[in-house]
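Dear colleague,

Here is the structure that I promised to hand over to you. Please look through it first, and then read my notes below.

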Amino acid sequence: MNKYQSGLTGLLFLSLITSGCGAMKAPSDLLQAPSQGNADGTLTGIVKSFLPANSHLTVPVQSESGSAIQLQDLDKDGEDELLAFYKTDKTDYEINTLLLSQQGGQWSKVATLTGVGSELDYVKFTDVTADGAADLLLGYSGGEGLSRELYVYSLNGGSLTEILKQPYDQLVVGDLTQEGTTEIAVLQGTYTADTQPETHLQLLRLKGGKLQKVSDQKLDGNVITASFTKASPVRSALVIDAAIGAHSSYTSLLTWENGKFIDILAADDYQRAALASSKDLVLKPLAPSPDALLGSNNIAIKDYPLASSDVNGDGITEIGFLVPPTGTESFAPLATPFITKYYQWDGQSGLKFVQEQFDRWGFNFHIPQAWAGKTLLEVPGESPAPWENIRFSYKNAESSAKAPLLELRLLTKQEWVTAEAKLKAENREYKLLYELDNTNDDTAPTVLVAVMPASGAAAKLQGADLQEYNQLKLTLDEVVQLAGTPQKPGQ
């Protein structure tokens, strides 16, 4: 970093401090523009001197820096330009971008860009034209559920040029083909009265400033989230979570193969059935039909939306599956106590089991890996649901030996007073794990309690069964560590 850039970084830090004094306000209302020329030496002051009266800075929804004022070298001259995003009181449906550059210690305005929308949805600086300089990507949104529009600009010779204008619902930007260039994946839903919703996935390349549509494919349903992320220890992929039907969803793990995206999770029914065992899976790819939509034969089809995420903190995104416990396969989806199981792609033809948890209706418990395939999740029955207690039991599939390992109870505070008195009278071991936020519903469960097995619970086990049971038993401290973030009942 040169001295000039160091000075700008210091100014940006000072600007954040000075603008943060006083009462807290919404991000878009942090800075009000005074009359021209009232600069105080900070970046905020520099920007204010160029803003029109009755304007205020606004923070982008998606941006790496998360700031209304950003620095970026857009013309490859070694010095940063200054960008500020703002709205005026004249209208709620225009977003402005002020671009400033400095020569000889003096700031001057290069351009003011105006986009239609109620919020600035997306800001990114990256080289999509392959000329060695970062380009400016701006996305405008009309609000939740409304259309969005992307603009791409390049700065050359002091002049800002628009090189792309493209509607979108979701954007993913990166080297998606792993060919050394930065592409733009545009996802846009289509809706008609006669057909099921689907999403167009277009891959765009702007090398040399010329638009090239590299691919155009279709996906089932409406895309909820899309990201280009590390999906295995050795490979990255485009990970898409999409909604289909009334409440179902699926995940696609897309890699670039032979000029198009291929879904790694396309599979047949035997793979879906294998998920119940929590064992690693070997993926058997299906021969793709020319007319088939991505997602149609996806192994990761779920009864409810479940986002992909890095659940174990290793920097790799895992794929989530909802699996009904043994004995509940015939339950209605609303009443099924699905176990959430996460798998990680190995970069080739396998999925490695990572972890499982029960995180529905206010429960959130990370099931120990040692329990996988050796325990049974028991619930009172299909109805009523959601339940107020669940039980994990040791179960030997061969000998049918069974014994309780842990009970989790959801109770109101009033119920907990009575239940705790009874547990103490029975000399039971228990622990209140967490409280739920149900301040608007006095009748809803508000505490989650762990109850350990009663003395003699494993009296019927013998030999190897008893030995294995003792190895699976938890201490209360271990149960506390396995309890996750409280979930609202009904989720």
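**Around Trp-371**

Leaving aside neighbours within four places in sequence, Trp-371 is in contact (heavy atoms within 4.5 Å) with Phe-365, Phe-392, Leu-405, Leu-406, Leu-472 and Leu-474. Please keep in mind that this is a predicted model, in which local features need pLDDT of at least 70 and side-chain atom pairs count only at pLDDT 80 or more, while totals for chains, interfaces and linings use all residues. Residues are numbered from 1 along each chain as its sequence is written, and side-chain values use heavy atoms, with hydrogens and water left out.

Trp-371 also belongs, with Phe-365, Phe-392 and Leu-408, to the residues with the most contacts inside the largest nonpolar core, which has 35 residues. Such a core is a set of buried Ala, Val, Leu, Ile, Met, Phe, Trp, Tyr and Cys residues joined through side-chain atoms within 4.5 Å, where buried means under 20% relative accessible area with a 1.4 Å probe, protein chains only. The largest share of this core, five residues, comes from β27. A second, separate core of 18 residues includes Ile-264, Leu-283, Ile-319 and Phe-321.

**The sheet with β27**

Strands are DSSP runs (E, at least two residues), numbered from the N terminus, and two of them pair if DSSP finds at least two bridges between them. Five strands form an open, antiparallel sheet in the order β25-β26-β27-β29-β28. Because β25 (375-378) and β28 (430-435) stand at the edges with a single partner strand each, one side of each is left without a neighbour in the sheet. Four antiparallel bridges link β25 and β26 (residues 389-395), and Glu-378 has Arg-391 in β26 as its bridge partner.

Best wishes

Key
Buried means under 20% relative accessible area, exposed over 50%, partly exposed in between (1.4 Å probe, protein chains only).
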